[in-house]
Amino acid sequence: FAWFSLTQDYWGHTTQEGMIGYLRSFQGVPVEGAVAVHSPYTPYLFFAGTLALNIWVLSKGISGGIEKLAKIGMPILFVLAIILAVVVMTLPPQPGVGTTPWQGLEFIYNPDFSKLGEPSVWLASAGQIFFTLSVGMGSLAAYASYLKKTDDIALSGIATASTNEAVEVVLGGTIAIPAAVTFFGVAGAMAIAQGGSFDLGFATMPVVFQQISGGQFLGVAWFSLLFFAGVTSSVAMLTPIVAFFREEFGFKREHVAWALGAICF
(Lines give C-alpha, C1' and ligand atoms only; values in the text may rest on other atoms or scores of the structure.)
Protein backbone atom coordinates (compact mmCIF):
# COMPACT_ATOMS: atom_id res chain seq x y z
CA PHE A 1 0.00 0.00 0.00
CA ALA A 2 2.99 2.31 0.36
CA TRP A 3 3.68 1.55 -3.31
CA PHE A 4 0.01 2.07 -4.20
CA SER A 5 0.19 5.47 -2.48
CA LEU A 6 3.31 6.47 -4.39
CA THR A 7 1.78 5.45 -7.73
CA GLN A 8 -1.67 6.81 -6.71
CA ASP A 9 -3.12 3.42 -7.58
CA TYR A 10 -6.14 3.80 -5.28
CA TRP A 11 -6.78 7.43 -6.23
CA GLY A 12 -10.39 7.82 -7.30
CA HIS A 13 -11.76 5.60 -4.52
CA THR A 14 -12.88 8.56 -2.41
CA THR A 15 -15.45 6.84 -0.21
CA GLN A 16 -15.10 4.36 2.64
CA GLU A 17 -17.12 1.79 0.67
CA GLY A 18 -14.98 2.30 -2.44
CA MET A 19 -11.75 1.76 -0.53
CA ILE A 20 -13.12 -1.33 1.22
CA GLY A 21 -13.93 -2.75 -2.23
CA TYR A 22 -10.39 -1.91 -3.39
CA LEU A 23 -8.92 -3.57 -0.29
CA ARG A 24 -11.06 -6.69 -0.72
CA SER A 25 -10.02 -6.93 -4.37
CA PHE A 26 -6.33 -6.83 -3.38
CA GLN A 27 -6.97 -9.49 -0.74
CA GLY A 28 -8.80 -11.67 -3.26
CA VAL A 29 -12.02 -11.51 -1.23
CA PRO A 30 -15.01 -11.67 -3.61
CA VAL A 31 -17.33 -8.65 -3.43
CA GLU A 32 -20.61 -8.86 -5.30
CA GLY A 33 -20.68 -6.45 -8.25
CA ALA A 34 -17.07 -5.30 -7.70
CA VAL A 35 -14.49 -5.37 -10.49
CA ALA A 36 -11.07 -6.86 -9.71
CA VAL A 37 -8.46 -4.11 -9.36
CA HIS A 38 -5.25 -6.14 -9.46
CA SER A 39 -3.89 -9.30 -10.99
CA PRO A 40 -4.05 -12.28 -8.60
CA TYR A 41 -0.24 -12.31 -8.69
CA THR A 42 0.11 -8.77 -7.30
CA PRO A 43 -0.42 -9.60 -3.60
CA TYR A 44 1.76 -12.72 -3.92
CA LEU A 45 4.58 -10.60 -5.33
CA PHE A 46 4.50 -8.22 -2.38
CA PHE A 47 4.13 -11.14 0.03
CA ALA A 48 7.15 -12.94 -1.42
CA GLY A 49 9.29 -9.79 -1.22
CA THR A 50 8.30 -9.13 2.38
CA LEU A 51 8.87 -12.75 3.38
CA ALA A 52 12.31 -12.73 1.73
CA LEU A 53 13.22 -9.60 3.72
CA ASN A 54 12.08 -11.30 6.96
CA ILE A 55 14.11 -14.42 6.28
CA TRP A 56 17.20 -12.49 5.19
CA VAL A 57 17.14 -10.52 8.46
CA LEU A 58 16.68 -13.73 10.46
CA SER A 59 19.56 -15.44 8.66
CA LYS A 60 21.91 -12.64 9.76
CA GLY A 61 21.40 -13.37 13.45
CA ILE A 62 20.47 -11.25 16.47
CA SER A 63 23.20 -8.59 16.30
CA GLY A 64 23.82 -8.74 12.55
CA GLY A 65 20.17 -8.82 11.48
CA ILE A 66 17.46 -8.12 14.05
CA GLU A 67 19.43 -5.49 15.98
CA LYS A 68 20.35 -3.64 12.79
CA LEU A 69 16.72 -3.80 11.62
CA ALA A 70 15.58 -2.28 14.92
CA LYS A 71 18.24 0.45 14.82
CA ILE A 72 17.12 1.48 11.33
CA GLY A 73 13.42 0.70 11.45
CA MET A 74 12.51 2.11 14.87
CA PRO A 75 13.85 5.68 14.33
CA ILE A 76 12.21 5.77 10.88
CA LEU A 77 8.94 4.60 12.45
CA PHE A 78 9.06 7.34 15.10
CA VAL A 79 9.93 10.10 12.61
CA LEU A 80 7.15 9.10 10.19
CA ALA A 81 4.64 8.84 13.05
CA ILE A 82 5.51 12.29 14.42
CA ILE A 83 5.25 13.90 10.96
CA LEU A 84 1.86 12.29 10.35
CA ALA A 85 0.59 13.23 13.82
CA VAL A 86 1.56 16.90 13.30
CA VAL A 87 -0.14 16.99 9.88
CA VAL A 88 -3.33 15.35 11.18
CA MET A 89 -3.59 17.56 14.27
CA THR A 90 -3.36 20.72 12.10
CA LEU A 91 -6.14 19.67 9.70
CA PRO A 92 -8.98 22.21 9.45
CA PRO A 93 -12.65 21.22 9.95
CA GLN A 94 -14.10 19.74 6.75
CA PRO A 95 -17.16 21.24 5.01
CA GLY A 96 -20.34 19.45 6.02
CA VAL A 97 -18.65 17.68 8.94
CA GLY A 98 -17.42 20.44 11.24
CA THR A 99 -15.43 18.29 13.69
CA THR A 100 -11.76 18.90 14.46
CA PRO A 101 -8.81 16.58 15.17
CA TRP A 102 -8.89 17.74 18.79
CA GLN A 103 -12.38 16.30 19.14
CA GLY A 104 -10.84 13.05 17.94
CA LEU A 105 -8.32 13.20 20.79
CA GLU A 106 -11.15 13.94 23.23
CA PHE A 107 -12.98 10.90 21.86
CA ILE A 108 -9.96 8.71 22.67
CA TYR A 109 -8.80 10.15 25.98
CA ASN A 110 -11.97 11.37 27.72
CA PRO A 111 -12.33 8.60 30.32
CA ASP A 112 -15.54 6.79 31.27
CA PHE A 113 -14.63 5.42 34.71
CA SER A 114 -17.85 3.43 34.93
CA LYS A 115 -16.41 1.01 32.36
CA LEU A 116 -13.78 -0.09 34.89
CA GLY A 117 -16.45 -2.21 36.51
CA GLU A 118 -16.92 -4.30 33.37
CA PRO A 119 -14.82 -7.52 33.24
CA SER A 120 -14.73 -7.39 29.41
CA VAL A 121 -12.69 -4.16 29.56
CA TRP A 122 -10.04 -5.75 31.78
CA LEU A 123 -10.01 -8.86 29.60
CA ALA A 124 -9.51 -6.79 26.44
CA SER A 125 -6.76 -4.78 28.14
CA ALA A 126 -4.93 -7.91 29.29
CA GLY A 127 -5.26 -9.44 25.82
CA GLN A 128 -3.88 -6.27 24.23
CA ILE A 129 -0.78 -6.28 26.46
CA PHE A 130 -0.31 -10.06 26.25
CA PHE A 131 -0.20 -10.14 22.47
CA THR A 132 1.13 -6.71 21.54
CA LEU A 133 4.27 -7.39 23.59
CA SER A 134 4.58 -10.83 21.93
CA VAL A 135 4.42 -12.62 25.26
CA GLY A 136 1.82 -15.01 23.87
CA MET A 137 4.03 -16.06 20.93
CA GLY A 138 7.19 -16.53 22.99
CA SER A 139 9.09 -13.78 21.15
CA LEU A 140 9.80 -11.70 24.23
CA ALA A 141 11.11 -14.75 26.09
CA ALA A 142 13.40 -15.60 23.16
CA TYR A 143 14.80 -12.06 23.03
CA ALA A 144 15.19 -12.00 26.84
CA SER A 145 17.34 -15.14 26.69
CA TYR A 146 20.07 -13.12 24.94
CA LEU A 147 20.39 -10.62 27.80
CA LYS A 148 23.49 -10.62 29.96
CA LYS A 149 23.36 -11.44 33.67
CA THR A 150 24.27 -7.83 34.41
CA ASP A 151 21.39 -6.35 32.36
CA ASP A 152 18.55 -4.66 34.24
CA ILE A 153 15.48 -6.86 33.56
CA ALA A 154 12.99 -4.46 35.19
CA LEU A 155 14.31 -1.48 33.21
CA SER A 156 14.29 -3.44 29.95
CA GLY A 157 10.72 -4.62 30.59
CA ILE A 158 9.42 -1.15 31.44
CA ALA A 159 11.21 0.38 28.45
CA THR A 160 9.82 -2.25 26.09
CA ALA A 161 6.22 -1.92 27.33
CA SER A 162 6.18 1.88 27.51
CA THR A 163 7.84 2.37 24.11
CA ASN A 164 5.49 -0.10 22.46
CA GLU A 165 2.36 1.47 23.94
CA ALA A 166 3.61 4.99 23.18
CA VAL A 167 3.86 4.09 19.50
CA GLU A 168 0.68 2.01 19.25
CA VAL A 169 -1.67 3.99 21.47
CA VAL A 170 -0.30 7.54 21.68
CA LEU A 171 1.18 8.05 18.20
CA GLY A 172 -1.10 5.60 16.39
CA GLY A 173 -4.19 6.96 18.11
CA THR A 174 -3.15 10.55 17.42
CA ILE A 175 -3.04 9.80 13.69
CA ALA A 176 -5.88 7.47 12.74
CA ILE A 177 -8.78 8.38 15.06
CA PRO A 178 -8.46 12.21 14.82
CA ALA A 179 -8.19 11.92 11.03
CA ALA A 180 -11.34 9.77 10.90
CA VAL A 181 -13.21 12.15 13.23
CA THR A 182 -12.18 15.17 11.11
CA PHE A 183 -13.47 13.68 7.85
CA PHE A 184 -16.34 11.46 9.05
CA GLY A 185 -17.42 12.96 12.39
CA VAL A 186 -17.42 11.23 15.78
CA ALA A 187 -20.35 8.93 14.91
CA GLY A 188 -18.72 8.00 11.59
CA ALA A 189 -15.38 7.31 13.27
CA MET A 190 -17.09 5.07 15.84
CA ALA A 191 -18.80 3.10 13.07
CA ILE A 192 -15.47 2.72 11.24
CA ALA A 193 -13.65 1.65 14.42
CA GLN A 194 -16.27 -1.06 15.04
CA GLY A 195 -15.32 -2.51 11.65
CA GLY A 196 -11.83 -3.19 13.02
CA SER A 197 -8.43 -1.52 12.93
CA PHE A 198 -7.69 -3.03 9.50
CA ASP A 199 -10.49 -1.08 7.80
CA LEU A 200 -9.47 2.02 9.74
CA GLY A 201 -5.86 1.81 8.54
CA PHE A 202 -6.33 0.51 5.00
CA ALA A 203 -9.73 1.88 3.97
CA THR A 204 -10.26 5.10 5.94
CA MET A 205 -6.78 6.61 5.88
CA PRO A 206 -6.41 6.34 2.06
CA VAL A 207 -9.68 8.29 1.72
CA VAL A 208 -8.20 10.98 3.99
CA PHE A 209 -4.92 11.12 2.07
CA GLN A 210 -6.73 11.78 -1.20
CA GLN A 211 -8.33 14.89 0.27
CA ILE A 212 -5.34 16.66 1.81
CA SER A 213 -2.32 18.40 0.36
CA GLY A 214 0.68 16.09 -0.08
CA GLY A 215 -1.54 13.07 0.51
CA GLN A 216 0.45 10.95 -1.93
CA PHE A 217 3.59 11.19 0.20
CA LEU A 218 1.72 11.10 3.51
CA GLY A 219 0.21 7.80 2.31
CA VAL A 220 3.72 6.48 1.64
CA ALA A 221 4.75 7.58 5.16
CA TRP A 222 1.68 5.98 6.80
CA PHE A 223 1.98 2.61 5.12
CA SER A 224 5.78 2.59 5.49
CA LEU A 225 5.21 3.10 9.21
CA LEU A 226 2.87 0.09 9.29
CA PHE A 227 5.35 -1.90 7.20
CA PHE A 228 8.28 -1.31 9.55
CA ALA A 229 6.06 -2.11 12.56
CA GLY A 230 4.87 -5.29 10.86
CA VAL A 231 8.32 -6.51 9.80
CA THR A 232 9.83 -6.04 13.26
CA SER A 233 6.90 -8.06 14.66
CA SER A 234 7.05 -10.86 12.09
CA VAL A 235 10.80 -11.26 12.56
CA ALA A 236 10.20 -11.46 16.31
CA MET A 237 7.55 -14.18 15.87
CA LEU A 238 9.92 -16.34 13.80
CA THR A 239 12.87 -15.91 16.17
CA PRO A 240 11.85 -18.60 18.75
CA ILE A 241 11.60 -21.24 15.99
CA VAL A 242 15.05 -20.43 14.64
CA ALA A 243 16.52 -20.35 18.15
CA PHE A 244 14.96 -23.74 18.99
CA PHE A 245 16.46 -25.59 16.00
CA ARG A 246 19.83 -23.93 16.50
CA GLU A 247 20.12 -24.76 20.19
CA GLU A 248 18.42 -28.18 20.27
CA PHE A 249 19.78 -29.67 17.04
CA GLY A 250 22.78 -27.48 16.19
CA PHE A 251 21.44 -26.48 12.76
CA LYS A 252 22.95 -23.45 11.10
CA ARG A 253 20.89 -20.29 11.44
CA GLU A 254 20.91 -19.63 7.68
CA HIS A 255 19.62 -23.12 6.86
CA VAL A 256 16.85 -22.92 9.46
CA ALA A 257 15.83 -19.42 8.36
CA TRP A 258 15.55 -20.22 4.65
CA ALA A 259 13.83 -23.57 5.31
CA LEU A 260 11.34 -21.75 7.50
CA GLY A 261 10.83 -19.21 4.72
CA ALA A 262 10.12 -21.97 2.22
CA ILE A 263 7.54 -23.52 4.56
CA CYS A 264 5.85 -20.15 5.16
CA PHE A 265 5.75 -19.47 1.42
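**Packing, salt bridges and a pocket**

Let me start with Trp-222. If we set aside its neighbours within four places in sequence, Trp-222 is in contact with Leu-84, Ile-175, Ala-176, Gly-201, Met-205 and Phe-209, where contact means heavy atoms within 4.5 Å.

A word on the source: this is a predicted model, in which local features need pLDDT of at least 70 and side-chain atom pairs count only at pLDDT 80 or more, while totals for chains, interfaces and linings use all residues. Residues are numbered from 1 along each chain as its sequence is written, and side-chain values use heavy atoms, with hydrogens and water left out.

Back to the tryptophan. Trp-222 belongs to the largest nonpolar core, which has 38 residues, and together with Phe-1, Leu-84, Ile-175 and Phe-209 it touches the most other members. Helices H2 (16-27), H4 (61-89), H8 (153-194), H9 (197-209) and H10 (215-249) each supply at least two residues of this core, and the largest share, 11 residues, comes from H8. A second, separate core has 13 residues, including Ile-66, Leu-69, Val-242 and Val-256.

On terms: a nonpolar core is a set of buried Ala, Val, Leu, Ile, Met, Phe, Trp, Tyr and Cys residues joined through side-chain atoms within 4.5 Å. Buried means under 20% relative accessible area, exposed over 50%, and partly exposed in between, with a 1.4 Å probe and protein chains only. Helices (H or I, at least four residues) and strands (E, at least two) are DSSP runs, numbered from the N terminus.

Next, the salt bridges. How many does the structure hold? There are three salt bridges, each defined as a side-chain nitrogen of Lys or Arg within 4 Å of a carboxyl oxygen of Asp or Glu.

One of them joins Arg-24 and Asp-199, at 3.7 Å, N to O. This pair links distant parts of the chain, with Arg-24 in helix H2 and Asp-199 in helix H9, 175 residues apart. Arg-24 counts as partly exposed because its relative accessibility is 22%, whereas Asp-199 is buried, at 10%.

Glu-67 and Lys-71 meet at 3.2 Å, N to O. They are four residues apart in helix H4, so about one helical turn separates them. Glu-67 is partly exposed at 36%, and Lys-71 is exposed at 58%.

Lys-115 and Glu-118 also form a salt bridge, at 3.6 Å, N to O. Both ends are partly exposed, Lys-115 at 38% and Glu-118 at 33%.

Lys-115 turns up again in the lining of the second largest pocket, along with Phe-107, Ile-108, Val-121, Ala-124, Ser-125 and Gln-128. That pocket holds about 470 Å³ of space. Helix H5 (101-109) and helix H6 (119-132) each supply at least two lining residues, and H6 gives the largest share, four residues.

A pocket here, on a 1 Å grid over the protein atoms alone, is an open set of points where a 1.4 Å probe fits, with protein on both sides within 12 Å along at least five of seven lines; lining residues have an atom within 4 Å of a point. Grid points are joined across faces, edges and corners, and the volume is the space filled by probe spheres set on the points.

Last, Leu-133, in the loop between H6 and helix H7 (139-144). Leu-133 counts as buried because its relative accessibility is 12%. Beyond its neighbours within four places in sequence, Leu-133 is in contact with Leu-140, Thr-160, Ala-161 and Asn-164.
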